[in-house]
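Here are my notes for a first look at this structure. Please read them with the model open beside you.

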Amino acid sequence: MIKIHLKSHLIILLLFVIPISTYSSNIDANKLLFDSVISEKLDVEGVKKALKEGANPNSTYEKNKSLSVLSILSLSCTGKEKEKKCIEIAKLLFQHGAKLQNIYGDRTILYVPIAYGLYYFTELLLNNGANATEEIDGE
């Protein structure tokens, strides 16, 4: 009788502990994902690891909720030497269900790639839903 009672409590305890630990690992995976797409790193292997560990490709930056992973990636792609990594990371994000957020703040997701002449990265964003004609606050 006591064994059954302990088992039921253990099962109930596990039901509460597993979701909490999963939530914690997703937070860690999301942090790794954001850390991997910042300008200095553009760490393709870090992005792969984060996504494998359950990072949400549609999560938003904790300090600025208007910035998605793709938005930060777009801001980080500031030169031709970074274009190949930006494309590879964006493709991984799209393969894992990332949705493109066209506007963040007073910019579109195409602003930085176009400003730096990143033709192929811009093309990838356009092919995945970026809107080159969307107006920002009536402009």
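1. Begin where helix α2 begins. A side-chain oxygen of D43 comes to within 3.2 Å of the backbone nitrogen of E45, at the start of α2. Keep in mind throughout that this is a predicted model.

2. Next, look at which way α2 faces. The helix covers residues 44-52, and its buried residues are V44, G46, V47, A50 and L51. Those residues lie on the same side of α2, because they span an arc of only 160° around the axis.

3. Exposed E45 and K52 sit on the face turned away from the buried side. After the helix comes G54, and its phi is positive, near 100°.

4. How many aromatic pairs does the structure hold? There are 2. F34 and Y61 make a tilted pair, with 5.7 Å from centre to centre and 50° between the planes. This pair links distant parts of the chain: F34 belongs to helix α1 (residues 2-37), Y61 to strand β1 (residues 60-61), and they are 27 residues apart. F34 is buried, at 7% relative accessible area. Y61 counts as partly exposed, because its relative accessibility is 28%, and the cut-off for buried is under 20%.

5. Y119 and Y120 also pair. Their ring centres are 5.0 Å apart and their planes stand at 85°, so this pair is edge-to-face. Y120 is exposed, with 52% relative accessible area.

6. L67 deserves a stop. This residue lies in strand β2 (residues 64-68). Is L67 buried or exposed? L67 counts as buried, at 14% relative accessibility. Leaving out residues up to four places away in sequence, L67 touches F34, S59, T60, Y61, I72, L75, Q101 and Y104. That list includes F34 and Y61, the two partners of the tilted pair. Check I103 as well: its C-alpha is 9.1 Å from that of L67, and the two residues are 36 apart in sequence.

7. Last, see S76 in helix α3 (residues 69-76). S76 counts as buried because its relative accessibility is 4%. What lies 2.8 Å from a polar atom of the S76 side chain? The backbone oxygen of V37 does. V37 falls within the residue range of helix α1 (residues 2-37).

Key:
Residues numbered from 1 in each chain as written. Predicted model: local features only at pLDDT ≥ 70, side-chain atom pairs only at ≥ 80, totals over all residues. Heavy atoms only, no water. Helix = DSSP H or I, 4+ residues; strand = E, 2+ residues; numbered from the N terminus. Buried < 20%, exposed > 50% of the residue type's maximum accessible area, 1.4 Å probe, protein only. Polar contact = N/O pair within 3.5 Å; in protein donor to acceptor, adjacent residues only side chain to side chain. Phe/Tyr/Trp six-rings, centres within 6.5 Å; stacked < 30°, edge-to-face > 60°. Arc of directions from axis to C-beta. Contact = heavy atoms within 4.5 Å.
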